[in-house]
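User: Please take a close look at one part of this model, the open sheet and the aromatic side chains around it. I would like one connected account.

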Amino acid sequence: MEVLSKPMTTSPADEHPAWSALEAHGRQVANLHLRELFADDPARGERMTAEGAGIYLDYSKNRITGETLKLLLQLAQESGVPARRDALFRGEKINVTENRAVLHVALRAPRDATILVDGKNVVPQVHAVLDKMADFSERVRGGAWKGYTGKRIRNVINIGIGGSDLGPVMAYEALRHYSERSMTFRFVSNVDATDFAEAVRDLDAAETLFIVSSKTFTTLETMTNAHTARDWFLGKAGGDEKKIAKHFAAVSTNTAAVAKFGIDTANMFEFWDWVGGRYSMDSAIGLSTMIAIGPENFRAMLDGFHEMDEHFRTAPLDHNLPVLLGVLGVWYTDFFGAQTVAVLPYEQYLKRFPAYLQQLTMESNGKSVTLQGKRVHYATGPVYFGEPGTNGQHSFYQLIHQGTHLIPCDFIAFNQSLNPIGRHHDMLLANVFAQAEALAFGKTAEQVRGEGTPEWLVPHRVFEGNRPSNTILVDRLTPASLGKLVALYEHSVFTQGVIWDINSFDQWGVELGKQLAQRIVPELESKEDPQLRHDSSTNALIRRYRMRRTKAE
């Protein structure tokens, strides 16, 4: 196996022949309207679709022709998407700035798979941790795990941040239908004390289990919250540190720090440096998820991930869902100047899915240098945002329909409701289809006049249309289908990163602010006036805070 110690020989996106061809093609089709494209091709809505791993993608309402798609897929080929994909699955160290493999796909590989890192098959390690998680989860869920008073655990609080929080909280909300309803699950991430205070306000410490998720067990926010949880618990438990072991578990690799905290290392769950935080929800980071939904459902979720992995690995590019989503995103970002993408799940259980995707997409592809360390000359990762439908329709859809920005949309919907009540689901799906139709085709001035609208009001009621969208349909929100959806976006992000010739798997941009915060904390806490050596604005803010923090309003 080839181990990469420096970047692969790659080329910036705009140096590929297909890029130049797309620039010229983009000028030719820039003024084509979706009304015209559909009128010229009555079968477009059936033809521009793809299906894989139980997910149906309708991409016909995009501002593309057959030639556009051909050139976008040519760009993916020229950029080396298939080769880089294969390198990822082989366990090569494609995270070149940290010299690491990128193997979230190993987290959901079957037991008999072989995936090598530095010549060693990591799949047995993965399943050993999964088995350990399953045993722990069953003991907590079944009441065999007792707290220090002999009461069973009824409350689970996950303490983490970033990928150690966004994945678990999204998965819990998404799969709440399958969760153990006799238990309470909460998530603490913000170093703001309010987050912790509200999480524990009504809980009995004797019935509460904390899961501290930090790979190094040094993450500032996580460990601040963990020590606050420790102090809170000891305050309720009479200060006896021996009781900590019955109420804390850890997801970490730092055995010494975990033991020093008071956690029994038998209740420490491992993950590896080839798992990035934003790709870790199906690792031991998902311990709270497994306790909530049970090991069987958790493994079903992993099977869904794996099914989409295999689709991405084997499907031809023109039928490959992650590749299609990825190249369409590149089309709008780089050839239409779109700076945002709206992800719009028409499923209340997916209310945290857009927030989860924000980290997955923007931490991965929010980069401005190539793998060779040179400044890019083109746009990379756009801003992702969204809310569940139909709530978003009464919020920001106005801007998408009639604003001055082009905002491609991904609509996500399910054919079957988990809570079938009356007409609700038909009304929900009607809104999905109607919004995509309205964005695509709009309403002309002639149509508005035909409704008897006064002439002075006509411009206000015109919808230009030609606003692109994808519609993603799945039969039912299950643990497996959630895994498929997450993997779909993981591999779409990967596809875009390869085309843009950037490293989607590091996140140096989060470091500087954290380092500066560590410098400022002692300046805020100092009893004496500190010698400040920041810029004039930061110095003035520190002085004002020190002066005002104890003064009552």
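Analyst: What follows goes from the strands to the helices across them, and then to the aromatic rings. The model is a predicted one.

The sheet is open and has five strands in the order β6-β5-β7-β8-β9, with parallel pairing. Its edge strands are β6 and β9 (268-269), each of which pairs on one side only. Strands in a sheet pair through backbone hydrogen bonds, and the pairing can be parallel or antiparallel. Between strand β5 (residues 155-159) and β6, which run parallel, there are five bridges. Ile 157 has Arg 186 in β6 as its bridge partner.

Two helices lie across these strands. Helix α8 (residues 193-200) lies across β5, β6 and β7 (208-213), and runs at about 170° to β6. Helix α9 (residues 220-236) lies across β5, β6, β7 and β8 (248-251), and runs at about 160° to β7.

The structure holds 26 aromatic pairs. In one of them, Tyr 172 and Phe 185 have ring centres 5.4 Å apart and planes at 40°, so this pair is tilted; the tilted class lies between the limits of 30 degrees for stacked and 60 for edge-to-face. Tyr 172 belongs to helix α7 (residues 163-174) and Phe 185 to strand β6 (residues 184-188), so the pair ties together parts that are 13 residues apart in sequence. Are these two residues buried or exposed? Tyr 172 has 7% relative accessibility and therefore counts as buried. Phe 185, at 7% relative accessibility, counts as buried too.

A second pair can be set beside this one. The rings of Tyr 332 and Phe 336 have centres 5.6 Å apart and planes at 55°, so that pair is tilted as well. Tyr 332 is buried, its relative accessible area being 3%.

Other rings form a group. Tyr 148, Phe 196, Phe 210, Phe 217, Trp 232, Phe 233, Phe 248 and Phe 261 make up one aromatic cluster. Going by residue ranges, Phe 196 falls within helix α8 (residues 193-200), while Trp 232 and Phe 233 fall within helix α9 (residues 220-236).

The charged end of Lys 132 sits over the ring of Phe 269, 5.1 Å from its centre; Phe 269 falls in edge strand β9 (268-269). For Arg 85, the charged end sits over the ring of Phe 312, 5.9 Å from the ring centre.

Methods: Residues are numbered from 1 along each chain as its sequence is written. This is a predicted model: local features need pLDDT of at least 70, side-chain atom pairs count only at pLDDT 80 or more; totals for chains, interfaces and linings use all residues. Side-chain values use heavy atoms; hydrogens and water are left out. Rings of Phe, Tyr and Trp (its six-membered ring) pair if their centres lie within 6.5 Å; planes under 30 degrees apart count as stacked, over 60 as edge-to-face and the rest as tilted. Helices (H or I, at least four residues) and strands (E, at least two) are DSSP runs, numbered from the N terminus. Buried means under 20% relative accessible area, exposed over 50%, partly exposed in between (1.4 Å probe, protein chains only). A charge sits over a ring if NZ of Lys or CZ of Arg is within 6 Å of the ring centre and within 35 degrees of the ring normal. Two strands pair if DSSP finds at least two bridges between them. Contact means heavy atoms within 4.5 Å. Axes are lines fitted to C-alpha atoms, for helices over the stretch in contact, and angles run from 0 to 180 degrees between N-to-C directions.
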